Amino acid sequence: MSCASCSSKGSGTPRGCNNNGTCGTDSCNKLTVFDWLGNMQTPQDSSIFKIVEVRFKNSRKSFHSLPEQVKLVVGDPVIIEVENGYDLGLVTLTGDLVRFQMKKKKIAIESEMVTKILRKANQEEIDKWHFLRDKEPQIQKRARELAISLGLEMKISDVEYQADGKKATFFYTADSRVDFRQLIKDMAKAFSIRVEMRQIGLREEASRLGGIGSCGRELCCSTWLTDYRSVSTSAARYQQLSLNPLKLAGQCGKLKCCLNYELDAYRSALKNFPKPDIKLKTEKGNGVFQKMDIFKEHLWYSYTNEWMNWHCLSLEAVLEIIQKNKNNEKVSSLEQYIDNSKTSSNNELVVNFENVVGQESLNRFDQNQRNKNKRRKKRNRNKPRKNA
């Protein structure tokens with residue numbers, strides 16, 4: 001999906017175009033879409049859809065209607081009319097796929113959210129837009145210094161300039177309500193622009209900053225994920241994960257979004273499993289649930305008086321014992337239902353690990369060195385001595 005300028009140098013380091021997702025190819029950002037209808041011709045009896053999708057700084061998209069007698073393609077910079085000025089964005093999608101996107105986001109064609117595109121951006125406007133984008137890190141640093149000087153408990157994570165340079169939106173995160181009225185006055189005086197403060201969540205902040213996750217790959221929220229759904233600790237319980245906040249929390253401090261990826265598969269698989277609080281009644285004693293392997297359909301039970309001895313039972317065996325208990329029947333013991341098969345369900349060999357502690361001595365190397373010293377002393381004793 002990347003353009004030719006994103007290839008590597010001769011030394012192997014990535015070259016890149018240094019446009020940070022604002023190049024004309026529109027292929028270096030997480031909001032890139034693939035037009036799978038781009039190679040198909042429009043039927044003669046149908047007209048081209050007059051609304052296009054426009055992206056702004058790799059963080060938001062909106063829908064805008066085309067002016068008369070103007071044809072746009074993906075990657076064209078366009079001028080959008082906003083309140084008290086204009087803004088510049090890149091066209092990301094055209095044609096009938098825009099209709100499906102609007103239906104997915106529940107936006108009507110006659111909605112007030114669909115504004116008009118004024119024209120294509122000229123080179124002077126594009127140069128000014130790039131200049132303002134390069135200026136944003138300095139403005140963000142200065143805004144943080146002003147917030148610290150006022151003692152405000154907030155973090156300014158990103159700044160987005162309007163294309164005409166008259167307005168800047170500052171995105172911040174805070175744990176509680178912040179009175180930033182004096183901060184707005186100081187920033188308007190220091191930067192000579194109109195200032196808008198917008199609070200965002202921790203997940204959206206992580207998507208803007210980016211980073212590497214514990215899996216070794218780039219964060220999902222900064223590459224492709226745009227729907228930030230809430231994640232609860234029940235997702236970890238369904239997947240038999242330990243409730244360790246250090247392992248379950250992402251860089252945003254919230255529970256990882258990837259906990260929801262396989263949650264539906266675990267929920268559907270657990271429908272066939274008995275509840276963990278059900279005890280298996282046997283003549284030897286009651287069997288208490290310890291753990292389970294959902295996809296191999298194995299469950300481990302132990303007697304109430306033998307907590308250290310776990311017995312591996314198959315799902316069919318456990319359901320059979322539960323059914324007999326419902327009929328007021330007790331099985332002799334759990335041992336007769338133990339799955340002793342040496343191969344797994346995938347016909348893979350099960351490795352039996354052995355305890356090797358005590359097989360090697362800690363001073364085994366010292367013993368060899370001691371034998372060498374004995375041989376050396378014996379050799380020196382047998383040598384003839386020289387007369388003085």
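"Buried" here means under 20% relative accessible area and "exposed" means over 50%, with partly exposed in between (1.4 Å probe, protein chains only). The model is a predicted one, so local features need pLDDT of at least 70 and side-chain atom pairs count only at pLDDT 80 or more, while totals for chains, interfaces and linings use all residues. Residues are numbered from 1 along each chain as its sequence is written, and side-chain values use heavy atoms, with hydrogens and water left out.

View 1. Helix 4 covers residues 202-209; helices (H or I, at least four residues) and strands (E, at least two) are DSSP runs, numbered from the N terminus. Look for Arg203, Glu205, Ala206 and Ser207, which are buried in helix 4. What do the buried residues of helix 4 pack against? They sit against strand 6 (155-161), strand 7 (167-173) and helix 5 (220-223), where contact means heavy atoms within 4.5 Å. Just past the end of helix 4 comes Gly210, with a positive phi of about 80°.

**View 2. Two charged side chains sit over rings.** Arg208 lies over the face of Phe171, 3.8 Å from the ring centre. The rule for such a pair is that NZ of Lys or CZ of Arg is within 6 Å of the ring centre and within 35 degrees of the ring normal. Lys291 does this too, lying over the face of Trp300 at 4.7 Å from the ring centre.

View 3. A search of the whole structure turns up 5 aromatic pairs. One of them is Tyr172 with Phe180, an edge-to-face pair at 5.6 Å centre to centre and 70° between the planes. Rings of Phe, Tyr and Trp (its six-membered ring) pair if their centres lie within 6.5 Å; planes under 30 degrees apart count as stacked, over 60 as edge-to-face and the rest as tilted. Tyr172 has 6% relative accessibility, so it counts as buried. Phe180 is at 19%, so it counts as buried as well.

**View 4. Tyr266 and Phe295 bring two parts of the chain together.** The centres of these two rings, Tyr266 and Phe295, are 5.1 Å apart and their planes are at 70°, so this pair is edge-to-face. Tyr266 belongs to helix 8 (residues 263-270), while Phe295 is in the loop between strand 10 (286-293) and strand 11 (298-303), so the pair ties together parts that are 29 residues apart in sequence.

View 5. Two strands count as paired if DSSP finds at least two bridges between them. Strand 9 pairs with strand 10 over 2 bridges, and Lys281 stands opposite Asn286 in strand 10. Strand 10 is joined to strand 11 by 6 bridges, with Phe289 partnered by Tyr301. Between strand 11 and strand 12 there are 5 bridges; Leu299 partners Leu313 and Trp300 partners Cys312.

**View 6. Hairpins link the strands of the sheet.** The hairpin of strand 9 and strand 10 has 4 residues between the strands, and there Gly285 takes a positive phi near 155°. The hairpin of strand 10 and strand 11 also has 4 residues between the strands, with Glu297 at a positive phi near 60°. Strand 11 reaches strand 12 through a hairpin of 2 residues.

View 7. Helix 9 (residues 315-326) has 12 residues and should span 16 Å at 1.5 Å a residue; its end C-alpha atoms are 17 Å apart, which agrees. That expected span is 1.5 Å times one less than the number of residues. Leu315, Ala317, Val318, Ile321, Ile322 and Asn325 are its buried residues. Seen down the axis, the buried residues of helix 9 fall within an arc of 165°, so they line one face of the helix; the arc is that of the directions from the helix axis to the C-beta atoms. On the other side of helix 9, Glu316 and Lys326 are exposed. Strand 9 (280-281), strand 11 and strand 12 (306-314) are among what covers the buried residues. After helix 9 comes Asn328, whose phi is positive, near 60°.
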